[in-house]
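Please look over the model below before reading on.

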Amino acid sequence: MPTPHLFGIETEYGITREGMPDLDPVVESMELVRAYLTQPFEQSWDYSGEDPHEDQRGFRVSSLQQDREEDQFAELDSHRPFSFREMKSDLVLTNGARFYNDHTHPEYSTPECRSLVDLVAHDRAGERIIFRAAQKRNQALQSYPVKLYKNNTDFHGHSYGCHDNYLMSRDTPFEDLASGLIPFLVTRQVFAGAGKVGVEAQERDYVSGVFQMSQRADFMETQCSVDTMHDRPILNTRDEPHANREKYRRLHLILGDANMCEYATALKVGTTRVVLEMIERGICPSVDLADPVSAIKAVSLDLTLTAVLPCTSGTDLSALDIQRRYVDAAAKALIGTDAETDWVLTEWQDVLDQLAGDRSALVGSVDWVTKQWLLETFMESEHLEWSDPWLASLDLEYHNIDPNAGLFLSLEAAGNTRRLCEDSEIESAIHAGPSDTRGGIRGLCVSRFRDRIHSVQWERVLFKDGLIKPKTLEMGDLFDPDQVGVLREVLEQASSPSAVWDK
Amino acid sequence: MLDSNGVDEPFAHFERRERPIDPGPRPPAPKEDSGGPKRPDAGSPNKDDMLKRMRKVDPKQAERYRQRTGE
């Protein structure tokens, strides 16, 4: 049976309190997460499956570049009246998602999804969960309301991520993964970029006067690396499979932008899954970019999409050329695989056609095109230049997740965006996980037996019901939808966790 | 920017170019009930409403906005 490419998205949100001097982002993120609770916080997240030093290339690094900075923050945080776990405030929700304070940003990690519609619904559910937490927090605050942004930069050289994750077979050699994926990832931004006013670099040098395709391209500094906060890589090599390590990898991509457009989210993840399928089948096109790190920045700055990227073979290609090589190979090999793959192939070809020609139809579908349209409309009306600081502020406001203020959400409310799921599907995703993945099982455990859970993480749930030690629901190999369905039925009917073992 | 029909064309200044390579076989369009994501129609954005909303945005908010580096 081929490995199912389940996927999920982790999003770190920008957080601030309007007008508040000396904001403490640790406290703010912690309090925001806890505002979502309806009962006292209980520490149940099990960190034992997490080791960011493990590298997919087959070794373990002794340190990460961020370790020193993390140690400094830990020293600062040691004087606070709460522990590391209390600061993290990990919540596992009834939809199987993880909601917590990660590196001073509220982070929402969707449950594992099998379909793009489920993924989009759960990504959007995350926006609404975090907004509802902010509403509750603001009701308790007397001043300086909390504001949250689903974006990736503060326009001062500080970036935070939106990571897309894919379950894949351990059998695929890492070298094949790197050579097949990197040219695709460098150019994926043509439809997945969220758009940004200005150019910046890690913790320095913000230059206005420019509009570019991607929020994150400026922060990509190397091709492959296990680091995630400094010298960020196009292809992150962290090896935390959160599954049976013998059989699976988790591809953890950190280069992507946080998308507001549902269509962009679906196409970003859908096309990446198709490319993984080609790599595993050994049919991925070969593109030999000479300098992928320079290329990802060059593509982001080239809104005409005509710049050619040097290749070692001497055949220079544009970003659209490269994307077309991938979609053409995929269309030849994978057409008819299933309805969702067909949708991805059709839309992938269509979006490339529209990017090369009339882009107006992509307003409401592709974030950078939508943002550019909004900003240029405003510039024309107010007679502004790209260097005007108002434009960076509008860029930020595009990502505000308050529907009464956010520019993208205003477009959406007016019916001017391309929707892929109904509001009712998003509302369902707030409360329950996908019915066909272990994410839904995790959520079901929380919704039915919260008081009986000892600890929980991605691949297992430990219940308190064991006589000597906790009973463990292992999910490191639970990817067959039929098996998920059987377990779901048992969990739904069980009167207690021990009744699950009895069956 | 207005096009030849006098219709506002926000992207008229983009350079248009031919498709760079043969796209190969095209997959058929998915049927309505095919199980893939749906395709609702998106209307044309109302510029006046959006401009009104954008004018309310504090021009200095990005200058004040500071975050710590994340992942």
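The points below cover the domains, a helix pair and one further helix.

1. A caution to begin with: this is a predicted model. Chain A is assigned two domains, domain 1 (7-426) and domain 2 (435-502). Their centres, taken over C-alpha atoms, are 30 Å apart.

2. The two domains of chain A touch. Domain 1 of chain A gives 17 residues to the contact, and domain 2 of chain A gives 19 residues. On the domain 1 side, seven residues are nonpolar, seven are polar and three are charged.

3. Now take helices α14 (residues 438-449) and α15 (residues 481-493) of chain A.

4. Which residues of α14(A) meet α15(A)? They are Arg438(A), Gly440(A), Ile441(A), Leu444(A), Cys445(A) and Arg448(A). Their partners in α15(A) are Val484(A), Leu487(A), Arg488(A) and Leu491(A). By class, this contact has six nonpolar residues, one polar and three charged.

5. Helix α8 (residues 319-334) of chain A has 16 residues. From first C-alpha to last, α8(A) reaches 22 Å, close to the 22 Å expected at 1.5 Å a residue. Just after α8(A), Gly336(A) has a positive phi of about 85 degrees.

6. Is α8(A) mostly covered or mostly uncovered? Mostly covered: 12 of its 16 residues are buried. Among them are Asp321(A), Arg324(A), Arg325(A) and Asp328(A). The buried residues of α8(A) pack against several elements of chain A, including α5 (174-192), α6 (262-281) and α9 (339-356).

Methods. Residues are numbered from 1 along each chain as its sequence is written. Chains are lettered from A and ligands numbered from 1 in the order in which they are written. This is a predicted model: local features need pLDDT of at least 70, side-chain atom pairs count only at pLDDT 80 or more; totals for chains, interfaces and linings use all residues. Domain bounds come from an automatic or database domain assignment. Two residues are in contact if their C-beta atoms, placed from the backbone, lie within 7 Å. Ala, Val, Leu, Ile, Met, Phe, Trp, Tyr, Cys and Pro count as nonpolar, Asp, Glu, Lys and Arg as charged, and the others, Gly among them, as polar. Helices (H or I, at least four residues) and strands (E, at least two) are DSSP runs, numbered from the N terminus. The expected span of a helix is 1.5 Å times one less than its number of residues. A residue is buried if 20 or more other C-beta atoms lie within 10 Å of its own, exposed if 12 or fewer, and partly exposed in between; C-beta atoms are placed from the backbone.
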